[in-house]
Amino acid sequence: MPPLRPAFLAVALTLALATPAQADTPTITVQNGRTQPVFSYADAVREHVYVESSVDSDSDGRLDRVRVDIIRPKESGPGLKVPVIIDESPYYDNSGRGNEGERKIYDASGNVAKFPLFYDNYFVPRGYAVLNVDMLGTTRSDGCPDIGGEADVLGGKAVIDWLNGRAKAFRADGSPAVADWTTGKAGMIGKSYDGTLANAVAATGVEGLETIVPISAISSWYRYQRSNGVIYNYDYASWLANYVDTDPEAKCQAVRDRMDAEDGDDTGDYNAFWNERDYLAGRLGDVSKVRASVFVVHTVNDLNVKPDNFSTWWQGLARRGVPRKIWVGQYQHVDPFDFEGRRDLWVDTLHRWFDRWLQGVRNDVMAEPRADVQLGPAQWITQRDWPAPSAARLPLRPAADGTLGLVPAARGASATFTDVALQESDMIADVGTSKPGRVAFTTGALPLDLRLSGTPTAELRVKLDKPTSNLTAMLVDFGDATRVDWRRGQGITTLAEEDCHGESTAADDACYKKVATNVATRPAEIVARGWIDVRNRDSLSSPAPLPPGTYGTVRWQTLPQDYTFRKGHRLALVVAGTDATYSDEEGTGATVTVDLARSSVTVPITVGTPLTDVPKDATTFRGPTRFDLPQPEQEFSFF
C-alpha cells in the first residue's frame, strides 16, 4: 500500500479527531437539486428586532422603526450564514394571512411562537431564515400606513439594507442588533398587499434582494383604483390605511386626510399621488431598476387586484430581460397554495425557485417552460411564455345589424346608447334586443375552439352630446359551459381534511385545510372588460373634453385574459357607459354615437387549445370575411 500524501493525511486526522458534536452539526445539504430538512424546527432561534427606516411617517420627530420577527436555524451565525425569506405584511393583527386567516401569536418574551403560513415550517429546516415583517404603521411597527407610498416602500427596503449591513436595528432593550447570521441574500414573497410590497421594494433596485414572488400583487396603485380615468372607489387609500392600522385613529388622521386631499378623486386623473405609488415608472421605484428575479402568480378573474397589474409588470420585466417565471390561474383573489390539485407542485416549485436564487443550487427550475396556465377547472398547461406566443391579433368589427365580423361596417353606419350606470348583468342581458344603455354585437356559432390569450384592445370612434362619457367594453362568451365559479368563495371551497408541508411544534403546525374548486354551468360568461373616461383618451394626467358633436377616436385596453371560447358558442362585444359593478361613479347621461365603420376590438387569438385537436386546414385566417348569424341548419364557417 503506497504511503498517504500529506493532504490526505491531514483530512484523515481531522476526521479522526472530530468530536461527535462536530461530526453531527448539520450544514446546508442538497440532494436531487433541493435543500434537505436537516435543521430542527423545534430548536430554531425565534427573536425580534426593530430596524430603523429612513422615514418619519407619523411626524413624531424620530425615524420609524420596522418590527421584524425572525425564525432561523439554531446553528446559523457567523459560522453558518443562511439566506432569508421575507413576508412583509400589514395584515398580521387584523385580517390575518392565508385562507385560514392566521395571525401572529407571541410567547411570554414577546417573540413569535406561531408564524402564519407554511414558509417557516418548510424552509427553516432546509437552511433558511424566515422573517415576518410588520409593515410600517401596522401591528408592532412604528409610523403610519402610507398605502403604497414612501413609508411602505422605504420601510421594507430598510430591512434588506439591515440584512446587508447598511441600516441599523435594535433589540427591545435598545441594544444594537447585527444580522451576522445571514448571507444577505433575501427573497420577498406574499399575496395581495404583501406581494405589492415585494414589487415595491424590488423596484427600488436595492442590493441584496435576489428574488421576489409577488402573488396577486399590485404594480400600480392607480391601476388598482382607476382605469383610464374611471374611478373604482372613492377615498379608498384613506379607508384602507385606517383598516390596517390598529392604533388609535387620531394618531394617523393627518396622514389619511392628506391622502384624501391628494388622491384626485374629483377627476380620476393620474397625478403625483399615484406616481409615488407606481412601481412601473414612479418616483420611488421603476421596473427598469429591478435586480431580483421574479416569480409572478396571478389569476385572470381577480377583480380585486385586477390582472392588468400583473400583465403590465410582466411586460416591463420582459423588456428588461429579468429572469422570471409565471403561473396564471382562473380563480379570483386566491393563493397558489389553494389551487386545487396543485399544492404539492406549488411547494416544490417554490422550493426549487428559492434554492436556485438564494442558495445557489443548480437545479432545473429555470430550464422548465416559463409559464403554467390554467385553461379550465382542472386543466393546466405549460408553455414557453405568457401570453401564448402563437396568439395572433385579430380585429373584430361591429356591424349595424348587430353582427361581429372581420370586415368594417358600411360607411355611415352607427349605433347609439346613453351613458347610465348599469350592472354588468344588465349590460349583457338580451343581447339581441335594443337597449338604451348599451349596444351589442355577436358572432355566429364558432366552428372551432378559439383561445384568447393576452390583452384585447378596443378602438371606438365616438361622438358625444356632452364633454365626456365613461365607456365600457366587454367581450362575452354565450354558450353553456362548466367554468371555474370565481364569484363563489373566490373559486374555492375549504374542506375539513388537511395536509402538511414542513415540520410542526405544539404552537405552530405545518398543516392546512385542503380546498376544492367551485364550478358552475352558466349560459354566458364575461371574459374581458375594460373602462375609460373619454376625457382621458389621450392622457391620464392631462384630460381633454371631446367637443360635443365632434367625432374622436378612443382607444384603450381591456383587462387581460386567458380563456377558451368553445366550438358552437358565440362571441359578443358589448359597449356601454358606466359599469356600476366595478365603479362608484354616476353615469354622465351623455348620448354616445359610435361610428361602426371605424370601430373595432382586437383580440389576441390562437386556434383551438393545446388540449384539443386543430384541423390541419385551420391554421390560417381564410374563407368568409365576416361572422354571420347562422340560420337554422346553416353551417357557420370562419376559417
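I count two strands as paired if DSSP finds at least two bridges between them. Strands (E, at least two residues) and helices (H or I, at least four) are DSSP runs, numbered from the N terminus.

The model is predicted: local features need pLDDT of at least 70, side-chain atom pairs count only at pLDDT 80 or more, and totals for chains, interfaces and linings use all residues. Residues are numbered from 1 along each chain as its sequence is written, and side-chain values use heavy atoms, leaving out hydrogens and water.

**Sheet.** I looked up the open sheet of 11 strands. Its order is β9-β3-β4-β8-β5-β10-β11-β14-β15-β16-β17, with mixed pairing. β9 (169-170) and β17 (379-383) stand at the edges with a single partner strand each, so one side of each lacks a neighbour in the sheet. I followed β17 to β16 (residues 371-376): the two pair antiparallel over 5 bridges. Gln-374 sits opposite Trp-380 in β17.

**Helices.** I then checked α5 (residues 193-202), which packs on the sheet and touches β5 (82-89), β10 (182-191) and β11 (209-215). Contact means heavy atoms within 4.5 Å. The direction of α5 makes about 135° with that of β10 (axes are lines fitted to C-alpha atoms, for helices over the stretch in contact; angles run from 0 to 180 degrees between N-to-C directions).

In α7 (residues 236-244), I found Tyr-236, Ala-237, Ser-238, Leu-240, Ala-241 and Val-244 buried (under 20% relative accessible area, 1.4 Å probe, protein chains only). They pack against α5, α6 (221-225), α8 (253-262) and α9 (272-276).

**Thr-606.** I found Thr-606 in strand β31 (residues 591-607). Thr-606 is buried, at 9% relative accessible area.

Note on methods: Buried < 20%, exposed > 50% of the residue type's maximum accessible area, 1.4 Å probe, protein only.
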